[in-house]
Structure formats: C-alpha cells, structure tokens
Amino acid sequence: VEGGGGDGGGGLGGGGDGGGGEGGGGGGQSGGAAGCLLLCDLQQRAVDATRRRLEALPSSGLLELDFRCGDHAALLEGLAAGSADLVVFNLGYLPGGDKSIVTTAEGTVRAMSAAEAAVAPGGCVSVALYPGHEEGSREAEAVLEHAARLPQGGWSVLSSQWINQRSKRSGSPAPSLLLLQRMH
C-alpha cells in the first residue's frame, strides 16, 4: 500500500475476478474496470512521480488507478475484509526526498495487521524492508517479529535477505523481502 517512498510507495490490489495481480483496492468492479490499484505514500512528491510513470504507460482500461497521499495504516483499516488480492509495502524513505519522513515500526505493524484482514484467501502481502537507517532497522525487526507470530495454519511466511551483502557506505544490512500468503 505505501512506503516512506522507496521508488514511489506501494500498491494494493484486489477485487476484480480474484486474480493474483495488482488490481482492486476496494474489491468488486468499478466502472468497467476489472479491478483497482490503490497507491498510497506519505509524500505527495512520491505519489505524483508514480502517477506520472503509470499514466505514461499504455492502458487497457481494465484497471482503475487511485492515487492517495497519507497514512498506509489508516487507508488499509478502511478496507473491507477479504477485499484485496495483493498488498505491497515499499518501506523506508523516498530516495532524493526528505529523509526525515519515514515509515515507522508501530505504523507499519498496524498497517500489516490491517492488510492481513483486507487480503482474501490465497492473497499476498509483500514487504520490502530497508534496515539501512535507524528507524528502518527498528521497523524491520518489528515487522519480522510480527510476521513470525502469524498462525502457521492460516499464513505462509517467507523472509528473504542477501546474507553476504552490506551497504558500502554504512555497513548496514541489505534490504530484505518479506512475503505473506493467506492460506484460507
């Protein structure tokens, strides 16, 4: 759904015919679109950049795009249970942007809980974690602890990280990817 920026935040997908791609934030069909991609970021600059990039691509008209600036947790908490097929978090801060605007451990864990409620059975939550700054490190630890507590029968959880890569500048761990799939 959102990030501190990454390369323009993240997206939420669901609705439509239940396909597994990025489509449909609110569930169901809207206008003649098969689904909706809801994009959210903390920084308007990231929302605007993402809008320009996506609107420059050819459109089939099958996907409605909904761009929002704001808090990812509040946005997700407003969605109906089971209304999304995919929620994507690209955490951290916007490269080249204001590095004081970051996602936080508390806000992201709250957003993940809301995403877990919004994702339909078979749906996924993807989280790109960036531990290269102080809050990013706290956030990565909190997110991984949260994911580890998800019930085994209801969720399949995969954490992937480069174990031989570190930042040349700071020595901090490389970004990692967390994938959650709702089993039923």
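Arg110 has 38% relative accessibility, so this residue counts as partly exposed. In this predicted model, the side chain of Arg110 meets that of Glu77 in a salt bridge, with 2.7 Å from N to O. The pair ties together distant parts of the chain, since Arg110 sits in helix H3 and Glu77 in helix H2, 33 residues apart.

**Helix H3**
- H3 is 14 residues in length and spans 20 Å from first to last C-alpha, close to the 20 Å expected at 1.5 Å a residue.
- Of those 14 residues, 10 are buried, so H3 is largely enclosed by the rest of the structure.
- Among the buried residues are Gly107, Thr108, Val109, Met112 and Glu116.
- The partners that these buried residues pack against are H2, E5, E6, H4, E7 and E8.

**The nonpolar core**
- The largest nonpolar core holds 23 residues, and Leu76, Val87, Phe89, Val125, Val127, Leu178 and Leu180 have the most contacts inside it.
- Two or more core residues come from each of helix H2 (72-77), strand E5 (84-90), helix H3 (105-118), strand E6 (119-129), helix H4 (134-148) and strand E8 (176-182).
- H3 is the biggest contributor to this core, giving five residues.

**A nonpolar patch on the surface**
- Leu158, Leu177 and Leu179 make up a nonpolar surface patch, and together they have about 230 Å² of accessible area.
- Leu158 belongs to strand E7, which covers residues 155-161.

**Salt bridges**
- The count of salt bridges comes to six.
- Glu77, the partner of Arg110, is at 43% relative accessibility and therefore also counts as partly exposed.
- In helix H4, Glu134 and Arg138 are four residues apart, so about one helical turn separates them; their closest N and O atoms are 3.0 Å apart in a salt bridge.
- Glu134 counts as exposed because its relative accessibility is 62%, while Arg138, at 41%, counts as partly exposed.
- Arg51 and Glu55 form another salt bridge, with 3.9 Å between the closest N and O atoms.
- These two residues, Arg51 and Glu55, lie four residues apart in helix H1 (residues 44-55), so they too are separated by about one helical turn.
- Arg51 is at 30% relative accessibility and so counts as partly exposed.

Notes. Residues are numbered from 1 along each chain as its sequence is written. This is a predicted model: local features need pLDDT of at least 70, side-chain atom pairs count only at pLDDT 80 or more; totals for chains, interfaces and linings use all residues. Side-chain values use heavy atoms; hydrogens and water are left out. A nonpolar core is a set of buried Ala, Val, Leu, Ile, Met, Phe, Trp, Tyr and Cys residues joined through side-chain atoms within 4.5 Å. Buried means under 20% relative accessible area, exposed over 50%, partly exposed in between (1.4 Å probe, protein chains only). Patches are made of residues with over 30% relative accessible area and no salt bridge: like charges are joined within 9 Å, nonpolar side chains (Val, Leu, Ile, Met, Phe, Trp, Tyr) within 5 Å. Accessible areas come from the Shrake-Rupley method with a 1.4 Å probe; for residues, only the protein chains shown count as cover. A salt bridge is a side-chain nitrogen of Lys or Arg within 4 Å of a carboxyl oxygen of Asp or Glu. The expected span of a helix is 1.5 Å times one less than its number of residues. Contact means heavy atoms within 4.5 Å.
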